[in-house]
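Try each task before you read its solution.

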Amino acid sequence: MAVKHEIKSQLAKLLATEDLVVEHKQVETASFNVETRVLILPLWEKASNSVYDMLVGHEVGHALFTPNDDWFLKTEVPHGIVNVCEDARIEKLMKRKYMGLAKTFYYGYSELHDDDFFNLEEEEVDTFNLADRINLYFKIGNFLDLHFTERETEIRELVGQSETFDEVLAAAKVLHEYCKEEQENKKKVADIDTLQLPMGGLPDQFDTQESGEQGEEEENDEVTHGSSSPKVEGGEGSDKSGDMTEQPTVGQSDRGGEKNEIEVKTVESLSENIQDLVSQTSAYENVYCEIPDIELDKVIASNSDVHEEIERFYAEEVRRLDIEKEHNGFEKCSNWFAREDEAFYTFKKDARKEVSYLVKEFECKKSASAYARAAIARTGVLDTAKLHTYKYNEDLFKKVTILPDGKNHGLVFLLDWSGSMQYVMKDTLKQLFNLIWFCKKVQIPFEVYAFTNEWTSNQEYSTYGGSGHHGKFYTPKTNMIAIDDQFSLMNLFTSNVNGKTLEKQMINVWRVVDSYTNWGGMNYPRKLALSGTPLNEALITFKKLLPEFQKRTKVEKVQCVVLTDGEAGPLSHHVEIQRDWEDHPYMGTRRCIPEVTFIRDRKIGRTYKIGYNYSDFTDSLLENLQDTLPTVNFIGIRILAARDGMRFARHYNTDLNELKIMEKDWKKSKSYIIKNSGYDAYIVMSSNHLNQDSEFEVKEDATKSQIKSAFAKSLKTKKLNKKVLGEFISLVV
């Protein structure tokens, strides 16, 4: 079973009793930076959950209890021996701090022993030096029959009783001296055996063994490696860790290059085998990206600015066309927008029934929800009609039914303003207008934003430049998600204006949208041209925008509705690059590579992996928004072609039974709801059915069959609209 790194990160944080930053990377050993509070763990993908938990507990133990100083300056004891003593101390302290970890260490070391991580299979353990046997005793002593002399037992207990790091160094010194004595005694025995050899020289096999020992001594002259603990680097701001085998030994230089004669084989064996647990499946390093803190006033085009731009543009356009007409000898046009405006008012009149239906559904569901929470309470006033029952009835007080106040709601809409929306924008706008009129009717505060890359695309930035530049809305840092300077949110509609102004603004946008497909009509403002799909940038902005909306309107529950016809591509992240021809580092960008890129939110202590699917980046951002903003519901309305309905369903669902239900809904009503996406609910609708008119209209000379067909079509379209709107209301209440 694959290891869930996020869960292991949470385990490390809980064990450390602080909000550590935990990063899983392709390194051989773990490390901990005491200044940045970053714990780096190797990708032990091949380890079981028991072993992984044990290793995490061990590394957190070093982060908590191993001091961040140049300890090797205090002692001449080889770092391998110090590591044995320190491992015993920090694991003891971790078990004492968290009693449940005792089983974790037991099962973890049991598995390592079964897999022979200490390389004991062909070895006589009793021939190991005391440092090795003490290391085995504190790690897998439950599974071995180890023997100690009386003096060795005293040294073992001295190691086990160490409470501070200074006591560890003292115990390590005693252990080192004993190991040296032990090795000297073995050498004397070997010398005596050599003197007793027959004439003619040494046997070949003994000569080979002596040569091998000499080679080992030469190898031990180098810095030895190996431990399951993280490595320690000296100096200020360095990483703190427990891998004592990575430190240089003072004795090597102080004693004129004297060779280190003590070898702790079990430490090296364990370290080498644990390194084999590290996954090397990817050529890329894990990257943990932070979400930028957007300055909203720089990214949002205000409601007044948007409509001033539209009105200014069309005033100039009407003036130009009138002059052109007059120049050609024609009369001025009294109203260039007569056709579009008439279509708007016709739609508004026809939409009253659907808006009334929305209001009715909302009030019914809200009342039902309040009734379900109703409680019966005593008033404290005697009910005179019950006084005669005092002999057998204790309840003589009047009662009242208490209906708790329902939560007040607010709605924030995000409209896709991309080029692919050109032919469905007006039909989408109709759905949006229905919801806006509904909000006005029930007095729900609302805001409508459209994401775009065109609002500022023709402006020159003296500081930031144009497309491909970043940093206009935030301060770029390494591994921070990059937002292009051209991204903007246009505030199209707001509940802060009166009804007359709102209707005027709706007509403004109606005219703009009509011009996208009506080539013979008016042009549209350059700033409101359709653009790319900066959906992900908008969601990042909403992380700050939604709480401010909630605070300003004082609503308890916010519904965020995203209307779109497509997905957005993953964003890039910042990297600092030092170029040869520049004095200062350059802040560039690099693409977010799937499976090794994580979005990290330090405020809530969670990370979100970016997968390969085209919607994964958006789903990760939505998941983070849901974790950050628990009082906000995220509803997606996805518009797609009828032919793509089931293909899109299979992207999110592989269960055959669920797919059959969705296929049935799609055939019947050309819509279905996805519950396992990044949204709380993802409503999928066919673009082909959006533009169907629900009005019952037939020609004067229509036949009976034509009238019947038109009536059936009208009923079907109304049924679809009511189904979708009803589902929306059920999500809002």
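**Exercise 1.** The model is predicted. Find where Phe-117 is placed, and decide whether Phe-117 is buried or exposed.

*Solution.* Start with the place. Phe-117 is in the loop between α4 (101-114) and α5 (130-140). Next, take the accessibility. Phe-117 has 10% relative accessibility. Buried means under 20%, so Phe-117 counts as buried.

Ser-269 is 152 residues apart from Phe-117 along the chain, yet their C-alpha atoms are separated by 6.6 Å. Leaving out residues up to four places away in sequence, Phe-117 touches Leu-112, Ser-269, Leu-270, Asn-273, Ile-274 and Leu-277.

**Exercise 2.** Classify the aromatic pair of Tyr-449 and Phe-542, and say which elements the pair links.

*Solution.* A search of the whole structure finds 25 aromatic pairs. Pairing needs centres within 6.5 Å, and planes over 60 degrees apart count as edge-to-face.

Now place the partners. Tyr-449 is in strand β10 (residues 446-452), and Phe-542 is in helix α17 (residues 535-553). They are 93 residues apart, so the pair links distant parts of the chain. Tyr-449 counts as buried because its relative accessibility is 6%. Phe-542, at 0%, counts as buried too.

**Exercise 3.** Which charged residues lie over the rings of Tyr-137 and Tyr-586?

*Solution.* Over the face of Tyr-137 lies Arg-156, at 4.2 Å from the ring centre. Over the ring of Tyr-586 sits the charged end of Arg-579, 3.8 Å from the centre.

**Exercise 4.** Describe how strand β1 (residues 21-25) is enclosed and which strand pairs with β1.

*Solution.* First, burial. Four of the five residues of β1 are buried, so the strand is largely enclosed by the rest of the structure. Second, pairing. β1 pairs with strand β3 (residues 38-42) in the parallel sense, over five bridges. Third, a single bridge. His-24 has Leu-41 in β3 as its bridge partner.

Technical notes:
Residues are numbered from 1 along each chain as its sequence is written. This is a predicted model: local features need pLDDT of at least 70, side-chain atom pairs count only at pLDDT 80 or more; totals for chains, interfaces and linings use all residues. Side-chain values use heavy atoms; hydrogens and water are left out. Rings of Phe, Tyr and Trp (its six-membered ring) pair if their centres lie within 6.5 Å; planes under 30 degrees apart count as stacked, over 60 as edge-to-face and the rest as tilted. Helices (H or I, at least four residues) and strands (E, at least two) are DSSP runs, numbered from the N terminus. Buried means under 20% relative accessible area, exposed over 50%, partly exposed in between (1.4 Å probe, protein chains only). A charge sits over a ring if NZ of Lys or CZ of Arg is within 6 Å of the ring centre and within 35 degrees of the ring normal. Contact means heavy atoms within 4.5 Å. Two strands pair if DSSP finds at least two bridges between them.
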